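Thanks for coming. Please have the view ready.

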Amino acid sequence: MTTPSLVPERFAGRVALVTGAASGIGRATALRLAAEGADVLAHDVAADGLATLADEAKGLDGAVTTRAGDLSDPAECRAAVAACVAAHGRLDVLANVAGIARADHLAEVDEAAYRRMMAVNVDAPFFLCQAALPHLRESGGNVVNIASNAGLTGTAYTVVYSMTKGAVVQLTRSLAMELLKTPVRVNAIAPGMVSTALVHGFQMPADVDGDLVGRYMSPRPMATPDDIAALLAFVASDDGRNVHGAILSSDAGLTAG
């Protein structure tokens with residue numbers, strides 16, 4: 001499978017904050033934007049993964065700096081944006097990629113797991129957007145949220161996850177409407193299955209109904225993180241200047257019908 005072609009210098013002079021950057025889609029996005037000239041603050045809770053990313057990014061056109069922290073804390077969301085602006089002087093792209101997932105029967109979801117998923121998947125994008133907005137207004141920048149096909153259709157055994165991604169969809173649409181008369185753009189990408197550690201390590205309860213789970217499988221190959229990063233780079237760049245308030249599915253047809 002080929003990697004989508006880079007567009008050199010497309011983000012020259014731009015600054016991006018990418019969350020969830022230690023692995024998967026976030027890592028691919030940070031590397032993609034830096035390769036196209038952006039200075040990137042890569043954020044994740046996993047410091048070791050960020051160190052590996054920083055090594056991989058050496059020699060790219062854009063600089064990659066890192067910050068480790070837990071975005072379930074709204075104070076860290078505000079601090080991450082402040083650190084990005086302090087390091088690079090501006091903010092043009094907020095890529096809300098960080099997220100967690102798990103599957104359970106509804107009756108077996110404990111409160112701690114519920115609160116954690118809401119905090120990472122919903123609270124963090126909200127507070128990051130809130131903190132970033134003044135800087136994005138100044139730069140005429142944009143937000144790209146990572147939602148999911150699970151935020152567009154019902155999915156058995158992932159009720160909480162689907163709730164969080166549905167909230168990301170509505171955050172995107174509602175904020176886009178609120179900002180309609182400003183230069184700031186807000187969009188989301190809704191991937192299906194992507195070949196990441198999160199997906200390959202995903203565990204379903206032992207006694208699930210296979211017929212229900214099979215509804216969310218496509219006969220087409222899974223996407224790669226680079227596929228999603230390439231789409232995100234297009235949307236976040238001037239090439240996507242007419243894209244606002246969109247939920248862009250990249251799911252091998254899962255939500256087509």
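Predicted model: local features only at pLDDT ≥ 70, side-chain atom pairs only at ≥ 80, totals over all residues.

The axes of H4 and H5 come within 9 Å of each other and cross at roughly 10 degrees. That makes H4 roughly parallel to H5, because angles under 35 degrees count as roughly parallel. The crossing of H4 past H5 is right-handed.

By type, the contact of H4 with H5 has 14 nonpolar residues, 2 polar and 1 charged.

H4 also packs on helix H3, which is residues 74–88. Here the axes of H3 and H4 come within 8 Å, and the crossing angle is roughly 35 degrees. H3 passes H4 in a right-handed crossing. From H3, the contact uses Pro74, Cys77, Arg78, Val81 and Val85. From H4, the partners are Ala124, Phe127, Leu128, Ala131, Ala132 and His135. The contact of H3 with H4 divides into 9 nonpolar residues, 1 polar and 1 charged.

The next pair is helix H1, residues 24–35, and helix H8, residues 225–236. How do they cross? Their axes come within 8 Å and cross at roughly 50 degrees. H1 and H8 are therefore oblique to each other. The crossing of H1 and H8 is right-handed. H1 brings Gly24, Ile25, Ala28, Thr29, Arg32 and Leu33 to the contact. H8 brings Pro225, Asp226, Ile228, Ala229, Ala230, Leu232 and Ala233. Of the residues in the contact of H1 with H8, 9 are nonpolar, 2 polar and 2 charged.

The largest pocket has a volume of about 1,000 Å³. How many residues line the largest pocket? The count is 43, and those nearest its centre are Ile100, Ala101, Tyr161, Leu198 and Val199. The elements giving two or more residues to this lining are H1, strand S2 (39–44), helix H4 (111–139), helix H5 (159–178) and helix H6 (197–200). Sorted by type, the lining of the largest pocket has 25 nonpolar residues, 14 polar and 4 charged.

Last, the cavities. Searching the whole structure gives 3 cavities of 30 Å³ or more. The largest cavity holds about 90 Å³ of space. What lines the largest cavity? One group in the lining includes Arg102, Ala103, Asp104, Val109, Ala113, Tyr114 and Met117. The lining also includes Tyr157, Thr158, Val159, Val160 and Tyr161. H4 and H5 are the elements that give two or more residues to this lining. The lining of the largest cavity divides into 9 nonpolar residues, 1 polar and 2 charged.

Technical notes: Residues numbered from 1 in each chain as written. Heavy atoms only, no water. Axes fitted to C-alpha atoms, helices over the stretch in contact; angles between N-to-C directions. Helix = DSSP H or I, 4+ residues; strand = E, 2+ residues; numbered from the N terminus. Parallel < 35°, antiparallel > 145°, perpendicular 65-115°, else oblique. Left-handed = near helix turned anticlockwise from the far one by under 90°. Contact = heavy atoms within 4.5 Å. Nonpolar A, V, L, I, M, F, W, Y, C, P; charged D, E, K, R; others polar. 1 Å grid on protein atoms, 1.4 Å probe; cavity = no way out; pocket = protein on both sides within 12 Å on 5 of 7 lines; lining within 4 Å. Points joined across faces, edges and corners; volume = space filled by probe spheres on them.
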